[in-house]
Amino acid sequence: MKFSPTFLATLLVLVPFVGGIALLFVPARQTRFIWIGAIFTGAVEVFLGGVLYALFDGTSHAIQFAHRVEWIPQLGASWFVGIDGISLFLVLLTAFLVFISLIYASCSISQNVKMFALFFLWLEGAMIGAFVALDILLVYIFWEMMLVPMYFLIGVWGGDRRIYATYKFVLYTVVGGLLMLAGILYVVYMHEAQFGVLTTNLLDLYKTQIPVAEGWKNPQLLAFLAFFLAFAIKIPLFPFHTWLPDAHVEAPTVGSVILAGILLKMGAYGLIRFSIPLFPEAAVELSFWLMALGLVGILYGAMVSMVQPDLKKLIAYSSISHMGFVVLGIASLNETAIQGGLYQMLSHGVSTGALFLAVGCIYTRCHTRIIAKLGGLSGAIPLFATFFLILVLSSIGLPGTNGFVGEFLILLGTFQTHKWFAAAAVLGIVLGAVYMLQMFQRVMYGKLQTHGEGGDLNWRERAALGLLVAFVFLMGLYPRPILEKMTASVSHLARHYSDYQLSLYGEDIAK
Amino acid sequence: MQLMQEIPTLIAMGLFLPLLGFLVNGIFCRTLPRKWFGWIGTGSVGLSFLAFGWLTLQLLQMPIPERMFQTSLGQWLSFSAGSPVFWNLRFDPLSATMALVVTGVGFLIHLYSIGYMAEDKGVGRYFAFLNLFTAAMLLLVLADNLLVLFVGWEGVGLCSYLLIGFWWEDEEKAEAGKKAFIVNRIGDAAFLLGLFLIFAQWKTLSISELSPLWQSLTPEIQWGLLSAIALLLFGGAVGKSAQLPLSVWLPDAMAGPTPVSALIHAATMVTAGVYMIVRLNLLYSLVPVVSDAIAGVGVMTALFAATVALTQTDIKRVLAYSTISQLGFMFLAVGSRAYDAAIFHLVTHAFFKALLFLGAGAVIHLLNGEHDLRKMGGMRRQAPLVYWTFLFATLTIIGIPGLSGFFSKDEILWKVLSQGTSFSRLTWLLALIAAALTAVYMIRLFYFVFLGERRRIAHGEAEHALPANMTLPLAVLALLSAFGGILNLPHLFAPESYAERLSHFLSPLIGGEIRVHEAAPLLGEGVAMALASLIAVGLSSAALLLFLKRPDWTTSLAKGLSPIYRLLLNKYWLDELYDWLIVRPYVRFSTSLWQIVDVKGVDGSVNGVAVVARTGSTLLSFVQSGLLQSYALAMLFGGLIFGVFVFLRMLR
């Protein structure tokens, strides 16, 4: 058993908030100092993430670094955070992407810098909070808390139609959030009815038996759907996806990075963390339909991507396709496929986040994202072209890049139980090559259309994209360090989701 | 021997040297002196060839059943159930043969490229990609795991994409690269499904572990499952090796630099499909129906491509169709379970087709980029070395007795015929026709390029002489084309100890019996061989005579058979068919999907809801307008529900 300091998870949530609050005391004109402070906070978070990874015991599926403080005793609510193999890498991804986004933002955001840094760190804290929270009330609070800074990021630093986009984004997510709240209340109520204790502790709630009945008045099914809708909007699953392209197009580059890289993962994480273990019978019953939705998302996203005139929209729709793979894998309830789904979430975060950064680089040089107006950039900005090509290949899922590992595990696992789903999803791999390569060709090859200004990548862009590209290969060629530490948790879920229990690290060994 | 312990290192070195060359050339592609790129690229492949050559010599000194070296570079993927995927390499007679072809022919083509690409501004990038290709191809042939093989498989596809579109300023060339990648992806999707089926059944993708398992199934499930696996994997081969119906990408791939066409689209990558089937011959020999289908696809492709080659006017396109046709012969061979014959033809084809392409490249180089056959001519006097080497290659591919192509093609034809079924007789006949057509289109090509008068005055006489690094590869490849037959002479011509050496070398990897020629059918073989050579010699001399006597005979023939001529000239309208049947409907469908479902459907209804919500909030007059307020409202609303709930709980 490894040393498992309890405060680490709490610290990871608090550091960004503390950093953000500290920046409040810096005069707004000191932008250089604000950036240094923000990036430093991001770096501390990455460092803490590294410590977290090193101390994490991959052989155990138990909750590690658990930290619990009573909060509202009347409600049984507490500050309860902890990390297992499922949340570990999402936390690391968040810290990593926020750090990189801050580096990139420091050369692309020039207005309201102080407010930006504040919201960005707030967003980071909320996202990490949502991943590590183990009290369902706390989860809900962090879940909603993420919305506010995202709302401002799009609304203040966004494009021309940002008001419409934020409206749509907020409307969708709030509706989903409210439904989830109803579901939460129901689960808490059922737990109290069965155990006589009012609590919002997720580990206790797992023990609740949500009643099952025939037909549409099946309470478990309805509760599942209430949660599911919130997650489906976040992921986003077809047909709940239309807020995403608009939000991306209007969001500033780093907003898109976080939106695609991490916020979308919330939905898939919710499926793994809440939907399946809380409502196992419903999950099994609906497995077929979820997979069908995932499959439709894969194909629909790939087809619609191909005809997008705007680079950001294209990548937004490609996210729908890639997240379709994630849902397909998770919903198949096969161990390998779930693991693949989790891996795909990470690799999608890296490569799609990076793709949005790349689009940002194009936009700052050519002042347009319309594919028809671009062309021949390969010659003008060769280093960028190399990075962009690698990211495109990763998105296509070329073996040796991170995209392949996730997709392969998902398809391999799904194939074991649902041959035809996997066979149809393989089509998505072909269609993925079609739209990505077509885009790459139109933007980078042919005659130079718009003379960009600013030349090839500056050092901050190099650092941001270079780090992400390094992870594209690292995760593609040597996935072991990641897969190893998530295996125990994933296999525990896949084998025991029908009577899911999570204990705290140390307690399970003591037994 | 101390060196014996270094064998795993040497295998890895052979693989990593080209990769290192790629990294050096790629990272410093704008900083190193121009001259260095070529020598780094060529040198790394040359060293790799030496490593594999030495390893092959070691292999030959071992007893036949033990001829295999293995090494592992660590674990890649692991699964909840089943064997993990290791980066395992195997060096056995089959991979040795392939690795020597890849690095040997590859070395010569790299050397040639130094001269060919000397003036190009992207020379660093060029050699980087060429080295990456070599590394990926080596990974493909050395892999001991089907998934690792797949890494090489898609890796060579990537390099092919990058090199076809090497001159990306030209939209058409970039388009050709994309087409190649996508058509290959279709095959790769089938290949992946084949891997999933294998894993579902045996929980492993390791070739060594699978070899004894193919036959482990009960007869009932064996047939269907094995056939499905074999067909799906063959789907991958159809894409990679440009067989019907996925042949459309290879002619377009000629947009790349000519040495690339020689290395990737003639000698090595396109033969990967043949290699894969031979590597899995234990599987394929269990499913005769699939084997027959492969033979059928092969021979139809051979015939299809040979007929198209008769009419094309672009020198590289003729050679591309010729490649497709020759690959068809190889698939006919593997489909007829003549795996050793397929590899033999693969090797000789690598020699003579690489030579043909390099010769064509030299001609194009000398004519300042001219590709049109009708504007060439009289190159015999202008470039005698190219003329002689190209002549050797032409005679070899036609199958003039004594040259390597004769032996390898004859072995295929004979082994097809000697199966003795009516299907095999039919395929043999079709293959014979394709071989006859080969003679005609090659003589046509040769005549147009080298003989007759110059049909176009090239701009000035400023044509440069070929540098030695371009002529040397031509000469070496000409020797190999001429004498390569020694590798696998038939019993008919050679004493026991020299006959069928390649077949014997490969025998430990090929299941069942190697069908060595028994004593009795020697006569039959002799007759068949005589027939084939008679056709080759007769037809090519007839065609040559016609060209010399009546140079315009093809034009009058084209007029006389106008509908057929147009069918062939337009390549059976296969591209147009796909465009009309798949590409356009797909684009149209996607567009309407987006417009109807997203823009009008989902968004329309959601915006409707939004209007309702906005009206609702106005009515509530909690807020006047704006978004933050409505958000706050929602949160408040949520909090309210929660509060009421808590309150009710506490009352209880």
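**Entry 1: a helix pair in chain B**

I started with helix α1 (residues 7–27) and helix α2 (residues 34–60) of chain B, whose axes come within 9 Å and cross at roughly 170°. For the record, axes are lines fitted to C-alpha atoms, for helices over the stretch in contact, and angles run from 0 to 180 degrees between N-to-C directions. Helices (H or I, at least four residues) and strands (E, at least two) are DSSP runs, numbered from the N terminus.

How do α1(B) and α2(B) run relative to each other? They are roughly antiparallel, therefore, since angles over 145 degrees get that label, under 35 counts as roughly parallel, 65 to 115 as roughly perpendicular and the rest as oblique.

I then looked up who meets whom. On the α1(B) side I noted, among them, B:Ile7, B:Leu10, B:Gly14, B:Leu17 and B:Val24, and on the α2(B) side, among them, B:Phe37, B:Ile40, B:Ser44, B:Ala51 and B:Trp54. A contact here is two residues with C-beta atoms, placed from the backbone, within 7 Å. The residues of this helix contact split into 16 nonpolar, seven polar and no charged. The classes: Ala, Val, Leu, Ile, Met, Phe, Trp, Tyr, Cys and Pro are nonpolar, Asp, Glu, Lys and Arg are charged, and the others, Gly among them, are polar.

**Entry 2: what I am looking at**

This is a predicted model, where local features need pLDDT of at least 70, side-chain atom pairs count only at pLDDT 80 or more, and totals for chains, interfaces and linings use all residues. Residues are numbered from 1 along each chain as its sequence is written, while chains are lettered from A and ligands numbered from 1 in the order in which they are written.

**Entry 3: the two chains**

Chain A has 21 helices and two strands; chain B has 26 helices and two strands. I checked burial next: 65% of the 511 residues of chain A count as buried, and 52% of the 652 residues of chain B do. Buried means 20 or more other C-beta atoms within 10 Å of the residue's own, exposed means 12 or fewer, and partly exposed is in between, with C-beta atoms placed from the backbone.

The C-alpha atoms of chain A fill a box of roughly 70 × 55 × 45 Å along the principal axes. Of the contacts in chain A between residues at least 6 apart in sequence, 80% join residues at least 24 apart.

**Entry 4: where the chains touch**

**Entry 5: the core**

The largest nonpolar core has 436 residues, and A:Val91, A:Val327, A:Ala358, B:Val334, B:Ala342 and B:Ala354 touch the most other members. Helix α15 (residues 339–366) of chain B gives the most to this core, 18 residues. Such a core is a set of buried Ala, Val, Leu, Ile, Met, Phe, Trp, Tyr and Cys residues joined through C-beta atoms within 7 Å.

I followed B:Val334: leaving out residues up to four places away in sequence, B:Val334 touches B:Val274, B:Ile277, B:Val278, B:Tyr284, B:Ile294, B:Tyr339 and B:Ala342.

In chain A I picked A:Ile83, in strand β2 (residues 77–83). Is A:Ile83 buried or exposed? A:Ile83 counts as buried because 27 C-beta neighbours lie inside 10 Å. With residues up to four places away left out, A:Ile83 touches, among them, A:Ala9, A:Leu52, A:Phe65 and A:Val91.

Most residues other than glycine have a negative phi, and most peptide bonds are trans. So I noted the exceptions. A cis peptide bond joins A:Ile235 and A:Pro236, with omega about -15°, and another cis peptide bond joins A:Phe238 and A:Pro239, with omega about 0°. A:Pro236 sits in the loop between α9 (219–234) and α10 (243–250) of chain A.

In chain B, B:Arg337 has a positive phi near 60° and is buried, with 23 other C-beta atoms within 10 Å. B:Trp573 has a positive phi near 55° but counts as exposed, with 12 C-beta neighbours inside 10 Å.
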